[in-house]
Amino acid sequence: MMNKRILIVDDDEMVLIAVNELLKQEGYEVDPVSSGSEAIEKLGQGTYDLIMLDIIMPEMDGFELCRKIREMDTNKETPVVFLSAKNQDKDRVAGMEAGANLFLSKPISPDKLLSIISDTLG
Amino acid sequence: MIIPPFKNLKIRAKLVSVTLFMVMISLLTVSFLSTSQFGKALRNSAEEDLEHLVTNLYSMCKLQYDMMNEMALSSLNVAIKIFYQEEGDIQAIRDHKLHFDVPLQGKEETQAVTAPLLKKGDLILYKNTSLIDRIARIAGVNCAIFQRTDNDGLIEVATNEKQSVGAYFDRENTIAKSIISGRIFLGNSYNESDKRDIVAYKPIKDGNGGIVGAFSVTVKEHQASSLRDILKNIKVGKTGYAYIMDSNGNLKIHPVKEGDNIRDTKDSSGFKYIDAMIIEALNRGDGFVSTIRYPWINPELGEKKPRQKMSKYVYFEPWDLIISAGTYEEEIYKSLYTTKRFIFIIVMLSIILVFFLTVSISKVLTGPIRELTEITTKMVEGDLSQRVTVYSSDEIGVLGTSFNRMIGQIQHYTSNLERMVEERTRELKVSREKYRDLSLFLNSILDSATEYGIIVFDYHGSIMEFTKGAEKIFGWKKEDVVNKQNIDITILNNDQARDVLSDIAKHTRSAGVYELEMTRVRERGEKFPALTTVTAMIDPSGATTGFVEIVRDISRRKNLEKQLRETKEFLENIMQSSVDGIITTDMKGKITYVNKALEDMTGISRDKLLNQHVSTIYVRGILQAREVMAFLKESKRAENYEMGIKRKDGKKIAISTSLFMLRDEDGKDIGTAGIFKDITEQKILEYKLKAARARLIETSKMRALGELVAGVAHEINNPLMASKTLLHVILNNIPEDWPERDRLELINKCNDRIEKIVEHLRGFSRQTDSDFQKININTPIENALMLSGQHLLSNNIIVHKKLSQNLPEINGSVNQLEQVFLNLITNAKDAMDEIGDKKELIVSSYLDREETNPMVIVSIRDTGPGIPEKYLHKVFEPFFTTKVVGKGTGLGLSLCFGIIENHGGRIEIVNKKSRGAEFRVLIPVMNKELARRSETETSTGKKQNAYKGIEITPQSMHGDKKGEI
C-alpha cells in the first residue's frame, strides 16, 4: 500500500522539524516547507492526501495559501488542516471560510494530533 | 279581473278547460319524475365507481406519506444522537457574528442577517462538511445544520453531499417558529422542486438549554414511479383515465402529457375548467372528493361537436397533489338520453294542444269587458252622455247597470260663493312740554367750572342742563343733549341694566347726597373712570323731581395706580420664578423676604422663614451670619461665595451666593439681599469626574498589561509545540528501560505545566465573551457559595448571605462571574486564616440607582486584617501576590478585573475602618429600558436627593471656599 502523503507548511523551523519527525515515525510520507511559495511549488508537482498549514508566515499567510490551494488544479479536493498558535474564534471562522476542513491550535498533544490526522485521512 | 270572464262561461265550457289544465299538470309531473329518477340511479352508480377510484389513489399517497414521515423521524433521532456524541458542549459565541445575505421573500433584493458563531466543543459548525458528511453516512439520509439568527430566523450553515448552504427561514416561517419554541418540525420540503420530500427538524440546545439552531434530515420520495404504473393501467368506461397534477396545474403523472402545465386548458365553451378544479380542490381541502362536468371536443379523434365529460378529483394536501379520474358522460348516460327525448316530444305536443284550447275560450269571454273599457275612456275625456249596453245578467251585466247610474249623479252639482270686508284706521298722538326754570346767571357760574361737569336731569333721566365742564368731559355739545338725550348715554349698558338710576334715587332720598365711583362713557364710546356726586331736586310737596350730578374724570389717577401695581407684580414674578434662592434681611439679620426657590432649597415654608434670624439656615449659624454682615459692611458686595446652608431635615447643601446691601433713597443701608445657587450636583459631578479619571488610568494600564501577556503567551506556543512533539518522538524511540526516561517524563510534565500557565494567561487577556446572556447576578453568587461552602465551613467561617431579590437582569457569563466570586471568596478565606476568632464572610447583592446608569452591586466582605494601604493600587496587577510561592499565581485578581471589565463593570476595594476588607463588584443593569424603568420608579426620590440625599463632607466645602465671609 502506498504511504499517505502529507505537506506541512510552517515558518517556524522547530515546529517543522518536530512535526516532520512525528509524522514520519507514524509512516507518513512528509514534505516540510517553510513558506507559501515553496508550498505552491510542491503542490504543483503532485497530489497530497493532507495539507497542514500555519497561519502567520511571511509573504503569504495561511489563509491566502488555503484559498490558492482551493483554486489549484492538482490539490483542490485535498483536506486542509490549520495548525496555528492562534486560537480565537475569529481565526477559526476565517480558516473555515478560506476552505479548510479542520482548525487545530498549538500546542496540541502529539497523540491527539495523530488521531485527528488518521481520522481525516479516513 | 281574471276570474269573472271564466265565471261567465257556460258550465260545460268551464268543465272542459279545468280538465285540460289538470291533465297538463299531471303529464308534466309524471314525465319529469320518471326521467330524473332513472337518471339519478344511473348517475349514482357511475359516479360511485369514479369516486372509489380517486379515493383509493388518495389512500395510496397517504400511506406512502405516513411511511416517509415515520422514516424521517427515526432518521432524525439517529442523526441527532450521533451529533450529540461529538465531544464538547454546544455554545453560541454571541460576540463573534457571522454575516449572511439572504434573499427577501419574493423579491430580487437581499437582506443582511447575523448569527452568533456556533461551536460544538472546539468544532466550528459553520461550513463544517466533514462532521455532517460523517453523520449523514451513518444515518443514511441527507442532513443539515441550521443556526438560529439574531432575528430568530434559521439559516442553513452546513450540509452533506457538498450541497449549497444558506437556505433561510425568517421568524414568521412555520419551521422557524416550531424550532424557536422548542418543538420538532415534520413536514414537506421547503424546496419547490422536491416538494414531496419529507423533512424533519429538531432544535439544537446549548449547555444552558437555550435553542441555538436546528438539525434537519431529508427523506427523498422515490416511489412515484410505482404510483405511475398503477395509474397508467386504470381505465374508466371506454375512454376515461386517471391522472395527478399539483396545485399549479403541472401534470405529475399522466398517460401521455406528463410534465405539461394544463392550468390554462379550456373546455369547448372556453371555460378554464382545470383552473376551476384547482380552486375548488384547494377550497374543500384534503380528502374531499369533488365533481366537475364540462363539454369537450377531442380534435385528435376528428370530433366536431362537444361531448359532456365528468371528472372526480380529490386533493392530497401534504404533497399538494390533485388526483383526478374522468370519462365522457354519454358513455354512462346513453339510454337515459333516448328516454328523455321521447318524453320531451310527448310533453311538447300536449302543451301546444292545451295552449290553443285556452286561446279560443278566452276570446269568447273578453268581448263585453272591452266595451266597458272604451266607454270609461270617453267619460274621462268629458263626454257624460255615453251609456253601456247590457248584454247579460251575470256579474258583468250588473256592473254595466251600476255604471250607467253613477254617470247621471255626477251631472247634478254646481255653486258659487263671494264676500268682502273693509276696515278703517285711526291715529292718536299726544305730546307734552316741560317747564324749565333755571336762570342764565346760575348757568354761567356752572359753566365756569371746567374740571367738573355738572348735569341736571329729571326723574326719568332726561337731560335738562349740561355745563361746559360736562361738555369737556363727555364730548357732547350742550345743544345736542339738553331736552334731546337721556342721561343713559353716559352710562354703561351694564349699569343701565341693573338700574343705576333708581339706585341713585334710593340713596339720595335717604342721605340727600350720594357719592360713587363708576365707569362712564364719552360721546365716542370711550370708557373712563369717574367720581360722581349726586343730589336730589325736591319740589315743595317733597317729591323728587330730578337730580344734579357733579362728575370728575379720575382716569389719570387710576392709570398711575395700575402701573405701580403691575411693576410690583412683575418684579415679584421674576423673583418667584427664579431657580436660584433669593432672600433679604433687615439690618439686624431678620428675614424680610424669601422666594419659592429658597423655600424648596431649605424645605421650610415662607411663613416659617419670615422674621426668623438668617443664621438659622446657615450651617455655621450665628458665626457665619456675623461674618457675612461684617464683610458686606466693608465691601458692600460679594459674588460667588461658596458656603453651606442646612435644610429643615438637617441635610447640608453647598451653595454659591451673591450678596449685596439694600439702601433707601438717601443711600442709607436698610438691609441685605442674597442670591443662593445650589451647587450640590456640581460638587458631586466634580467628585465623580475625579474618580472616573482615576479608574480610566487604572483600566488602560491593565489593558496594556493584558495585551503584553497575550502576546507573550502566543509566542510561547510555537516552541512549546515543538518541544512537546519532539519529546513524544524521543519517548517513542527509546527502549522502555532507558535510564533517562524518568527525566524526559519530567520534562514532559514541565511542558504540561507551561501549557497550563499559558492557557491561564490567555484567559486573563481574553477579549471575547463566549457565553454572555441575560442572567440574574444571584445565580453565579449562589454557585460560588455552593462550591466553596464546605471549605468555608471547615475553616470555621460563618457566612452571612444577603441577596436582594427582584434585581434587574444583567448581560453576562455565569461561568466567568462564578470564577470571579469564587476567587474573591477564596481570597477572603485566605485573609482570615491568621485571625483566631470572629471569622465572618458577608456576601450581599443590591441595586444602586445613584449611578448615571443603575448598577447591580455584589459586596464580599471579610473580617480579616484588611489590605495594607500600600498594596491597594497593586492588587489587580498580574503576578502580584502576598501569598507564599506556590500557593497563588498572582493572576486571580487580575483575571477578575479583566472579566468584570468585559462585563462593563468595575471592582472597588474598601478597607473597613473596624476590620476586614470589602470587595465591591459593580455591573451595569442590562439595557436602557430597565435603566429607565428603575429611574422612573425612584424619580421622586431622586429629586429630593438634590437637597438631602448627598452628604457634603465638611472638608470638601471648606477646602473649596475662596474667602472667609
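Over all chains, the structure, which is a predicted model, holds 37 salt bridges. One of these pairs K106(A) with D10(A), whose closest N and O atoms are 2.8 Å apart. Because K106(A) belongs to the loop between β5 (102-105) and α5 of chain A, while D10(A) belongs to the loop between β1 (5-9) and α1 (13-25) of chain A, the pair ties together parts that are 96 residues apart in sequence. K106(A) is also joined to P107(A) by a cis peptide bond, with an omega of about -5°, and P107(A) likewise lies in the loop between β5 and α5 of chain A. In general, most peptide bonds are trans, and most residues other than glycine have a negative phi. A positive phi in a residue other than glycine is found at D152(B), where the value is near 65°; D152(B) is placed in the loop between β4 (142-148) and β5 (154-159) of chain B.

The interface of chain B and chain A was examined next. The contact draws 30 residues from chain A and 28 residues from chain B, and about 2700 Å² is buried between the two chains, with 62% of this area on carbon and sulfur atoms. On the side of chain B, the residues that lose the most area to chain A are N718(B), M721(B) and H728(B), which together account for 22% of what that side buries.

Between the two chains, helix α5 (residues 110-121) of chain A meets helix α18 (residues 680-733) of chain B, their axes coming within 9 Å and crossing at roughly 80°. Since angles of 65 to 115 degrees count as roughly perpendicular, α5(A) is roughly perpendicular to α18(B). The residues in contact are P110(A), D111(A), L113(A) and L114(A) from α5(A), together with M721(B), K724(B), T725(B) and H728(B) from α18(B). Sorted by class, this contact of α5(A) with α18(B) comprises 4 nonpolar, 2 polar and 2 charged residues.

Within chain B, strands β1 (residues 90-103) and β2 (residues 110-120) pair in the antiparallel sense over 11 bridges, and the bridge partner of H99(B) in β2(B) is T114(B). Strand β2(B) is joined in turn by 2 bridges to strand β3 (residues 123-124) of chain B, the two running antiparallel, with K119(B) standing opposite I124(B) of β3(B). A hairpin is formed by β2(B) and β3(B), with 2 residues between them, and G121(B) in the turn has a positive phi of about 60°.

An open sheet of 5 strands is also present in chain B, in the order β21-β20-β24-β23-β22 and with antiparallel pairing. The edge strands, each of which pairs on one side only, are β21 (591-594) and β22 (637-646) of chain B, and the twist from one strand to the next averages 30°. At the β21 side of this order, strand β20 (residues 581-586) of chain B pairs with β21(B) in the antiparallel sense over 3 bridges, and I583(B) has V594(B) as its bridge partner in β21(B). Helix α17 (residues 621-635) of chain B lies across β20, β22, β23 (652-663) and β24 (669-678) of chain B, and the helix runs at about 175° to β22(B).

Note on methods: Residues numbered from 1 in each chain as written. Chains lettered and ligands numbered in written order. Predicted model: local features only at pLDDT ≥ 70, side-chain atom pairs only at ≥ 80, totals over all residues. Heavy atoms only, no water. Pairing = 2+ DSSP bridges. Helix = DSSP H or I, 4+ residues; strand = E, 2+ residues; numbered from the N terminus. Axes fitted to C-alpha atoms, helices over the stretch in contact; angles between N-to-C directions. Parallel < 35°, antiparallel > 145°, perpendicular 65-115°, else oblique. Contact = heavy atoms within 4.5 Å. Nonpolar A, V, L, I, M, F, W, Y, C, P; charged D, E, K, R; others polar. Buried area = accessible area lost by both parts, 1.4 Å probe. Salt bridge = Lys/Arg side-chain N within 4 Å of Asp/Glu carboxyl O.
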